[in-house]
Amino acid sequence: MSQRDFDYDRGFTAGKAERETLQLKINALQQRLTAADERADVLSPGSALGDVHLERLRQIDVENRSPVDDDDYSLGQLAYAAAGYAQGSVPAQQIQGCLRPSYWPWHPHWWKPGSPRRMLVKAAALILAEIERIDRAALKPAEGGGSTCNQIREETGLPINRPCKACNGGACIDR
């Protein structure tokens, strides 16, 4: 008989090897579902990653700082702002009244200190905005001012363009 036998009451029945294969597939699917449930918990409000995501959405919706606006910050402003909030979360900074850092890239009214956790959430959301800005810049063609840096494109999984002369000379502004 074949690996699958026919039973008039139950229909096709699987042979031992096929049952073992099916059980392995079921186990793999159960593991994936468990992992997906755990990831859903990580993104829920109150979790660190969930709060960072919500802060990024707040920056876009409430502060009207869209990704298009972020694209204008090509001199590291988002990273500097993130660094300021991260530095401000340190207990010694909190004791000193959480002063705005001298390298703060924007008008002083945009400096909004809070609890150490809140400041780290803001810092992480700004880092996320900077990473997204870098990724968008890498996708733009060279004539539009985007990155042609092969090192950046390779790190982000993008196709390699023509050689970046600045990288070859060690002075690439995208690095």
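These are my notes from a look through a predicted model of one chain.

**Overall layout**

I started with the secondary structure, and the chain has 8 helices and 2 strands. Going along the sequence, I get the pattern β-β-α-α-α-α-α-α-α-α.

Next I checked burial: 28% of the 175 residues count as buried.

**Helix α4**

I then picked out α4, which runs over residues 77-88 and so has 12 residues. From first C-alpha to last I get 16 Å, close to the 16 Å expected at 1.5 Å a residue.

Which residues of α4 are buried? My list reads Q77, L78, A81, A82, G84, Y85 and G88. They sit on the same side of α4, because the arc they cover around the axis is only 155°.

**N64**

N64 has a positive phi of about 55°, and it is not a glycine. I noted it because most residues other than glycine have a negative phi.

Where is N64? I find it in the loop between α2 (48-61) and α3 (67-70). Is N64 buried or exposed? Its relative accessible area is 55%, and the cut-off for exposed is over 50%, so I put N64 down as exposed.

How values were computed. Residues numbered from 1 in each chain as written. Predicted model: local features only at pLDDT ≥ 70, side-chain atom pairs only at ≥ 80, totals over all residues. Heavy atoms only, no water. Helix = DSSP H or I, 4+ residues; strand = E, 2+ residues; numbered from the N terminus. Buried < 20%, exposed > 50% of the residue type's maximum accessible area, 1.4 Å probe, protein only. Expected span 1.5 Å × (residues − 1). Arc of directions from axis to C-beta.
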